[in-house]
Amino acid sequence: MEALSNRVTTTLTWSNSISTSSLQIPQVFSIRCTQRLRVCCASDQSQKMTVSVTGATGFIGKRLVQRLHADKHSVRVLTRSRSKAQLIFPVKEFPGILIAEEKDWRDCIQGSNPVVNLAGLPISTRWSPEIKKEIKQSRIKVTSKVVDFINGSPEGVRPTVLVSATAVGYYGSSETQIFDERSPSGNDYLAEVCREWEATAFKVNKDVRLALIRIGVVLGKDGGALAKMIPLFMMFAGGPLGSGQQWFSWIHLDDIVNLIYEALTNPSYKGVINGTAPNPVRLAEMCEQLGNVMGRPSWLPVPDFALKAVLGEGASVVLDGQRVLPTRAKELGFQFKYPQVKDALKTILS
């Protein structure tokens, strides 16, 4: 049971804004969060952004910050742990990135545009009443704080774009239904969390363009669900969880970062957008494809009762799934680098 516990507790995780001043100048940037001084850049920097990011030390956030920094944008990491953020974004590798603890968030947000909100406690754990409360509050409190800071900003320095994460858990679970952005919310705990999470983001000022990204299971080698599944296959112990018939709505890390990145600057990206690949698969197929790419068998499934014995109510994260399609992203013309899970896995594991 100890081995089973170790395996189960390392299963899927739920994956777990530039302002202008009144002066007409080509491009501005903040010297420090607490300063309102703007200075003119010598070169044409009209496309450069100053972006504040919550959840920047998480799986998606880290890659997004890396991309923004590589593209020469100014990044402000809004964190509750300066020491953790400094380890992830050392100054030698990320010169110019500003790390701000909560007391400085207001000033950072007022000098930013756009703002990206990715914060939230991972949910792949045994759910006690206290943990369930923290799962919800960690998302709602940070989102509420970000929205309040945006709404309370003077008009001249108020961010005009907020890209905020939510999750496909909004839809509940089903083995037969197909969900897109027009589908109603489900009735389970995770759907409730997502509804309240999104409702908090929708309180942002009506003049702020809001993009809500309902994120699926994010695949990448250095974190997320896949990083926790790979060791199981290396031990010849990889296999489907439960029946294996539950749907697995996934997305490659590069694609979710690209989707968020596009939402920062494209005015058409507003409202709810599903952050999932166009071809979801059943979990059994996902495990089979992973086994094939790794040259390892996909066997030894974990039965429902064993998962529930270890995770309790939290087993619903891996036992239940939903078939979610990115209808809005496709309408917007977003190009997925990895529409097929087989190609995504090959790239990640190559």
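Across which strands does helix α5 lie?

1. This is a predicted model, in which local features need pLDDT of at least 70, side-chain atom pairs count only at pLDDT 80 or more, and totals for chains, interfaces and linings use all residues. Residues are numbered from 1 along each chain as its sequence is written, and side-chain values use heavy atoms, with hydrogens and water left out.

2. Helix α5 (residues 129–151) lies across β3, β6 and β7 and runs at about 165° to β6. Axes are lines fitted to C-alpha atoms, for helices over the stretch in contact, and angles run from 0 to 180 degrees between N-to-C directions. Helices (H or I, at least four residues) and strands (E, at least two) are DSSP runs, numbered from the N terminus.

3. The open sheet has 7 strands in the order β5-β4-β3-β6-β7-β9-β13, with parallel pairing (two strands pair if DSSP finds at least two bridges between them). β5 (98–100) and β13 (271–275) are at the edges with a single partner strand each, so one side of each has no neighbour in the sheet.

4. Strand β3 (residues 50–54) is joined to β4 by 5 bridges, and Thr54 has Leu78 as its bridge partner in β4. Strand β4 (residues 74–78) is largely enclosed by the rest of the structure, because 4 of its 5 residues are buried (under 20% relative accessible area, 1.4 Å probe, protein chains only).

5. Strand β6 (residues 115–117) and strand β7 (residues 161–167) run parallel, joined by 3 bridges. Asn117 stands opposite Ser164 in β7.

Definitions and conventions:
Buried means under 20% relative accessible area, exposed over 50%, partly exposed in between (1.4 Å probe, protein chains only). Contact means heavy atoms within 4.5 Å.
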